[in-house]
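Here's a quick briefing to read with the sequence and the 3D view side by side.

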Amino acid sequence: MIRLLVLLCLAAAFNGAHGAPRALVPLSPAVPSGRGPAVLLVPGLGFGREIYDFHGQGLAPHLASRGWDVWVFEPAPGANFAELVGRELPAAVGAVREVRGGPVVMVVQGHGGALALAAAGHELSGQVAGIVAFNTPLEWELPNPVLGGVLERGGDLGSLAGGEGRAELQLLYAHGATLRPDVAAHFSAEGLRDLGRPLAREWLEALQRGAPVLPGPSFRERIARVDVPVLQVLALRDVVAHPEYASALRERAPRARVTVRELDRFQGCAEDYTHLSVLLGGHAPKDVFPHVVAWLESLR
Amino acid sequence: MNARAQVLVSVLLAMASTGCATPWMVPRAPGFTEVRALTRDGYSLALARRRPAGAPTGRPVLLVHGISANDRNMDLHEGLSLAEWFAGRGREAWSLSLRGTGASQRREGREPYAFDAFWREDLPAAIARVRAETGADKVDVVAHSLGGMALYAYLSQGGEGVGAAVTLGSPTRLDFGGTVTRLLPLLRPVFPPRGGTIPVVLPAQVFMPFHGQSERDPFLLLVANPENVPATTWKRLVANGLADAESEVVLQVANLLEFGRFASADGKTDFRADMARIRVPILVVAGKLDRLGSPLAARDGYRALGGPKAWRLYGVETGTRADYGHMDLLIGQHAEREVWPDLLDFLRRHGDSV
């Protein structure tokens, strides 16, 4: 009951940039373990919280059902990079710590995940117990003309889903993927978010420049300061956040204890995972999630 | 198994391999001559030389294959030959068979050799031979997989005579937490046997009828994307383009898998660290679905290079019809249009005027 009251108070006070609401959704574990840090899942740029919890399935319920105290965060719509690292993520981590105390484990993905890593090296220093990073690029380059075109036109991912951009979305997120039927049918309409022109432009310029511009220490300096354990999951067929741009973490963050897991068919997986299928693919609960669970267990 | 059974199994295997592979053995395109190069340690290497059609348009190009392969990877048959393609565009093409492969000399009782022999002995001998035969001051190099690793090692240790280069699916580390990486420490005490030769050709040819019959064919899955490499092409490559592997070569390369270490066999020379000294322009190429020299593994080499350098990934997202696998870059059915022109373009942009 006390926990519920605290959460209600948190929800009431939890407003994002420019008054737009953020979302912080706790998932109660089926069997509360009372052990281990809370797990905060943060979607990548352009994704909503559904990437972790789509109609009751996904990594968030998977972890919750195994006793982890799981929170899914969705930043305020349109929050720019500086707001993400300086206000949104600290607010989310702070809110979870209010309830749970102690540092949290963050689960992050893609370019937004790279920003979360950068925050872990500066704003969130000392507040993070570990990070699970799904294809988080440290080298920011335009991966292909498709993403460039989408960002150039304003990054309206949610709007693209219903129009001519459907093929582009398919290529970016699910080319060659095996998705659950409900995900294939409904995720693009429910789980994608329009970036808004300013954020799309900022993302594109960062890809063209080679790194995001952040307040305080540079992106590279922030990454170098990350000193917590990191599980780096690399999906071979990710077209938005190429695994090869993420793979430099061991050199760029020498103080982080990085565990790498490459996922592709030759490594025994059922498919070569994409940006979407690595979290919502039909085989992800068998191929991907056990790596996350095992690594989290190692933190306990 | 008693001696009689061993003989019987051997005969059956030999018959099966010969019979299974024969229909897929194809001649290379006409118009080549074989030239030999002698290494300082006494190995005679085979080079297939293709003169340019018309006046030369740039430096000669030395083509170097990968592990457990031979020069036919670069020159499979008429109409599917990177060597023939370069020659048709005014570039004299030389396809090298590294020691122990193709028509190059086998070890035959000599001391075992490791990967180091390829960059320390074979590449210098081949480059010198091409320069001597053509009068060119420098040669361009297009190297696939382990061939690209040999080139990196050669250049990182001050190797000379290379004008510009392309590496295709060439890894400089492979320790990305995959199943193979995690199993390797368990296998290392027993595999591969020290000082031996690992048979690749015979097993591959025995299973010839089954190659390419399923998209789950583990051999094909590892090295090619069936959307790019039809079963017929794949079988031709197996019949003509494979070679057995020396244990010490595999052991040295296994260091990339287990420890992420791209170094000499004695561990004293760190090629990856020394790659920062390379100033030869290199285009680093990766296939999106390459599971051997994966984009992860090839990009590591790109990062290590001193530059000038360029990076190119081939997959549907960049406009190709299918995502490229490891061998697709050489024998993919659309590589001639989708990949090879970019290689030539890079070499041209970094070439001397002729």
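**A helix to start with**

In helix α7 (residues 166-174) of chain A, the buried residues are L169(A), L171(A), L172(A), Y173(A) and A174(A). "Buried" means under 20% relative accessible area, "exposed" means over 50%, and "partly exposed" is in between (1.4 Å probe, protein chains only). Helices (H or I, at least four residues) and strands (E, at least two) are DSSP runs, numbered from the N terminus.

This is a predicted model, so local features need pLDDT of at least 70 and side-chain atom pairs count only at pLDDT 80 or more, while totals for chains, interfaces and linings use all residues. Residues are numbered from 1 along each chain as its sequence is written, chains are lettered from A and ligands numbered from 1 in the order in which they are written, and side-chain values use heavy atoms, with hydrogens and water left out.

**More on that helix**

- The cover over the buried residues of α7(A) includes α5 (145-152), α6 (157-160) and α13 (277-280) of chain A.

- Chain A has 15 helices and seven strands.
- Its radius of gyration is 18 Å, close to the 19 Å that the globule rule gives for 300 residues, so chain A is as compact as a globular protein of that length. That radius is taken over C-alpha atoms, and the globule rule is 2.2 Å times the number of residues to the power 0.38.
- In chain A, 80% of the contacts with a separation of 6 or more involve residues 24 or more positions apart. A contact here means heavy atoms within 4.5 Å.
- Chain B has 14 helices and ten strands.
- For the 354 residues of chain B, a compact globule would have a radius of gyration near 20 Å, and chain B agrees with its 19 Å.
- The box for the C-alpha atoms of chain B is roughly 65 × 45 × 45 Å along the principal axes, and 60% of the 354 residues count as buried.
- In chain B, residues 24 or more positions apart make up 76% of the contacts with a separation of 6 or more.

**Where the chains meet**

- 30 residues of chain B touch 32 residues of chain A.
- Together the two chains bury about 2,700 Å², with 49% of it on carbon and sulfur atoms. Buried area is the accessible area (1.4 Å probe) that two parts lose on being put together, summed over both.
- Nine salt bridges cross this interface. A salt bridge is a side-chain nitrogen of Lys or Arg within 4 Å of a carboxyl oxygen of Asp or Glu.
- Four elements of chain B give two or more residues to the side that touches chain A: α5 (179-187), α7 (218-223), α11 (295-304) and β10 (309-314).
- Of these, α11(B) gives the most, with five residues.

**Salt bridges up close**

- Side chains of opposite charge can pair when their charged atoms come close.
- Over all chains, the count is 42 salt bridges.
- R222(A) and E123(A) pair up at 2.7 Å, N to O. R222(A) sits in helix α10 (residues 219-225) and E123(A) in the loop between α4 (110-120) and β5 (128-134) of chain A, so the pair ties together parts 99 residues apart in sequence.
- R222(A) counts as buried, at 0% relative accessibility, and E123(A) as partly exposed, at 22%.
- R237(A) reaches D323(B), with the closest N and O atoms 2.8 Å apart. This pair crosses between chains, from the loop between β6 (230-235) and α11 (243-246) of chain A to the loop between β10 and α12 (328-331) of chain B. Both R237(A) and D323(B) are buried.
- D274(B) and R277(B) form a salt bridge at 3.6 Å, N to O; D274(B) is buried at 17% relative accessible area, while R277(B) is exposed at 53%.
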